[in-house]
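Open the structure in your viewer and get ready to select residues by number. Each stop below tells you what to pick and what is there.

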Amino acid sequence: MVFWIFGYGSLVWNPGFDYDEKIMGFIKDYKRVFDLACIDHRGTPENPARTLTLEKTEGAICYGAAYCVRGGAERERLAMEYLERRECEYDQKTLVEFYKEGDALQPALTGVIVFTSTPDKSVNKYYLGPAPLEDMARQIATASGPCGNNREYLFKLEKALYDIGHEEDYVIELANEVRKVLGIVEKGFVIKEKKLVGSSHIPLKTAHNITALKLRRPLSEAVGVAMDS
């Protein structure tokens with residue numbers, strides 16, 4: 001068995017397992033949403049964190065990383081067992097088509113595994129559902145757990161998307177709202193431009209990118225944990 005897995009959250013910057021190949025690209029008709037509770041990594045049962053899941057949305061594009069694991073049944077088993085422990089809040093494994101940058105018509109890979117969650121609280125106890133931006137920001141600003149705080153997860157995602165050149169409105173707006181809650185927005189901070197292309201690739205002014213990275217530094221805390229979901 002050889003499998004490919006698509007990472008759209010912390011797997012993008014911290015896969016945590018041995019893999020043989022990594023490809024950056026995107027999947028279609030899904031978008032990132034902070035609608036899933038995390039009670040054992042970056043939150044607690046009393047104060048759950050908000051982490052990512054995917055929402056089925058026609059026409060959406062979600063950028064991330066595809067990882068290939070090959071080299072024998074034992075190696076593949078260990079990788080999947082690790083992923084299932086790490087992604088325990090997700091109750092589904094969905095198979096998707098994966099596209100490389102520059103070719104949105106022909107999938108580079110088919111049958112790629114992605115961890116998703118049923119958007120139904122009666123079926124998946126970890127599903128929180130949507131909430132107003134301000135409420136999500138307050139929750140993310142205050143939640144923390146064994147793997148670190150919730151805001152670091154969001155800021156690392158923001159940076160990871162910046163690094164691959166595919167910033168998202170949703171992520172930037174939520175990160176900026178968390179900064180407001182934390183009271184660290186500097187005078188003259190440049191909020192993002194209107195998006196220019198598509199729903200997920202948002203070119204930003206250099207001034208914004210520099211300031212955003214500057215603001216992230218005091219918030220980054222060394223975690224160094226293998227299991228970062």
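**Before you start**

This is a predicted model, in which local features need pLDDT of at least 70, side-chain atom pairs count only at pLDDT 80 or more, and totals for chains, interfaces and linings use all residues. Residues are numbered from 1 along each chain as its sequence is written, and side-chain values use heavy atoms, with hydrogens and water left out.

**Stop 1: the whole protein**

Show the cartoon. The protein has five helices and seven strands. Both are DSSP runs numbered from the N terminus: helices are H or I with at least four residues, strands are E with at least two. Along the sequence the pattern reads β-β-β-α-β-β-α-β-β-α-α-α.

Now show the surface. How much of the protein counts as buried? Of its 229 residues, 50% do. Buried means under 20% relative accessible area, exposed over 50%, and partly exposed in between, with a 1.4 Å probe and protein chains only.

**Stop 2: strand β1**

Select residues 3-7, which form strand β1. Five of the five are buried, so β1 is largely enclosed by the rest of the structure. In a regular strand the side chains alternate between the two faces of the sheet. Here, Phe3, Ile5 and Gly7 point one way, while Trp4 and Phe6 point the other way.

Strands pair if DSSP finds at least two bridges between them. Select Phe6 and then Ala66, its bridge partner in β3.

**Stop 3: salt bridges**

Side chains of opposite charge can pair when their charged atoms come close. The whole structure holds 14 salt bridges. Each is a side-chain nitrogen of Lys or Arg within 4 Å of a carboxyl oxygen of Asp or Glu.

Select Glu21 and Arg70. Their closest N and O atoms are 3.5 Å apart. Glu21 lies in strand β2 and Arg70 in the loop between β3 and α1, so the pair ties together parts that are 49 residues apart in sequence. Glu21 is partly exposed at 32% relative accessibility, and Arg70 is partly exposed at 33%.

Next, select Glu168 and Arg32. Their salt bridge is 2.5 Å, N to O. Glu168 sits in the loop between α3 and α4, and Arg32 in strand β2, 136 residues apart. Are these two buried or exposed? Glu168 is buried at 7%, and Arg32 is buried at 2%.

Move to helix α4. Glu177 and Lys180 both lie there, three residues apart, about one turn of the helix. Their closest N and O atoms are 4.0 Å apart. Glu177 is buried at 15%, whereas Lys180 is exposed at 54%. Then select Glu74, Arg77 and Glu81, which salt bridges with shared partners join into one network.

**Stop 4: the second largest pocket**

Select Leu54, Glu55, Lys56, Ser117 and Pro119. Of the 13 lining residues, these lie nearest the centre of the second largest pocket. A pocket is an open set of points on a 1 Å grid over the protein atoms alone, where a 1.4 Å probe fits, with protein on both sides within 12 Å along at least five of seven lines; lining residues have an atom within 4 Å of a point.

Now colour β2, β3 and β4. Each supplies at least two lining residues. Which strand gives the most? β3 does, with four residues.
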